[in-house]
Amino acid sequence: MSMIGHSITEVDTPALLVDLARLEKNIRRYADSAAKAGVRLRPHIKTHKTLEIAKMQLKAGAGGITAAKLSEAEVFAEAGIEDIFVAYPIIGPEKARHAARLAQHCRLIVGVESEKGVQQLSEAASQIGSTLLVRVEIDSGLGRTGVGQEAVGKLCRQVLDAPGLSLDGIFTFRGASFPEASSRDPQILGRMEGEMMVAIAERLRHAGIPIQEISVGSTPTASSAAEVPGITEVRPGTYVFFDRMTTQVGTSAPDELALSILATVVSRPTPDLAIIDAGSKTFCGDVIPANAGLEGYGATIDGQNGVVIRMNEEHGTVRLAPGFSPEIGDKLLFFPNHVCTTVNLSDEVIVTQGGVVKAIWRVAARGRRQ
């Protein structure tokens, strides 16, 4: 039976609910911010992995999308999205060939951060006669992937000299929480990120290396990074839904969080505890709460009645606030800590408006790992 038009109280659990009005507002907020700054918004689809949301972002003004995996990019290319940046180092002959084939069907940009990556992409592109646009990734402080500033010029020249490749620019991901961060303010960190990357690009240009695109930014830092003269593109992702982590750093307010988890109370072992039918296979488990300054793995949407303090695969243990005593069978709404990994655990999201189900969207790129 279709749930369209039914109250969310009739939705079977566990389920991911998306508040359409909040989603639309969040999409517009970041589109307007990028447009005001005069930079391209290239949202990262790893957050939602959903065709309908990507098309909403493009309609609002986004100039292409970002993916983490070639298999993700393929899903969106097959749906007609023609400008895709895979912001991840492509390593391995299989992946290089995959990228070269995909570049024949859309405008594909890929990341590199090593000589081996350049060689493999060049060989694959040359073999089938395609051209891959390449951006060199720079480690701007996160310590994850990317070359150091002293090595970027050499790698850019290798791209320029490689058959089948075309140097498109440089990119980084720094985020708002990284080793040796000099501030906890995302706005300050975003400006620093932008200024660092523009300075690197200017040094490269002065050395005769043509840098067209300077791509930066996360959901917390995108708006301030975009205001740095010279930045051409920002790549936020979580902003479509926001989550407890973005609220913790001050990027979102609780009434902007657009995705929640609907769960049913299945047991009441003690007066201050409830067991729900949503555990680690529904809530994300990749964020250690204490490391993110959060309490628990999720919280009721009012922020105070219940906190998910423990998880098993199919069970969530909720510590209840004094005076809050849900009965077995009651349904509760929770905000997750990290929405990106939460969405990747589900086949679909249920779109709601005013407490009524409006649509059901498939998480089309769910589980695309390669």
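Visitor: In E15, which residue is the bridge partner of Ala-263?
Guide: This is a predicted model, where local features need pLDDT of at least 70, side-chain atom pairs count only at pLDDT 80 or more, and totals for chains, interfaces and linings use all residues. Residues are numbered from 1 along each chain as its sequence is written, and side-chain values use heavy atoms, with hydrogens and water left out. Strands (E, at least two residues) and helices (H or I, at least four) are DSSP runs numbered from the N terminus. In E15, the partner of Ala-263 is Leu-332.

Visitor: Over how many bridges do E10 and E15 pair?
Guide: Two strands pair if DSSP finds at least two bridges between them. Strand E10 covers residues 259-270 and strand E15 residues 331-336; they run in the antiparallel sense, and the count is 4 bridges.

Visitor: Are H4 and H5 oblique or parallel to each other?
Guide: Axes are lines fitted to C-alpha atoms, for helices over the stretch in contact, with angles from 0 to 180 degrees between N-to-C directions. For helix H4 (residues 93-102) and helix H5 (residues 115-128), the axes come within 8 Å and cross at roughly 45°. Under 35 degrees counts as roughly parallel, over 145 as roughly antiparallel, 65 to 115 as roughly perpendicular and the rest as oblique. H4 and H5 are therefore oblique.

Visitor: How do H3 and H4 lie, roughly parallel or roughly perpendicular?
Guide: The axes of helix H3 (residues 70-78) and H4 come within 10 Å and cross at roughly 20°. That makes the two helices roughly parallel.

Visitor: Which residues in H4 meet H3?
Guide: Contact here means heavy atoms within 4.5 Å. From H3 come Leu-70, Ser-71, Ala-73, Glu-74 and Ala-77. On the H4 side they meet Lys-95, His-98, Ala-99 and Leu-102.

Visitor: How many aromatic pairs does a search of the whole structure find?
Guide: Rings of Phe, Tyr and Trp (its six-membered ring) pair if their centres lie within 6.5 Å. The search turns up 4.

Visitor: What sort of aromatic pair do Tyr-30 and Phe-242 form?
Guide: Planes under 30 degrees apart count as stacked, over 60 as edge-to-face and the rest as tilted. Tyr-30 and Phe-242 sit 6.1 Å centre to centre with 55° between the planes, so by that definition the pair is tilted.
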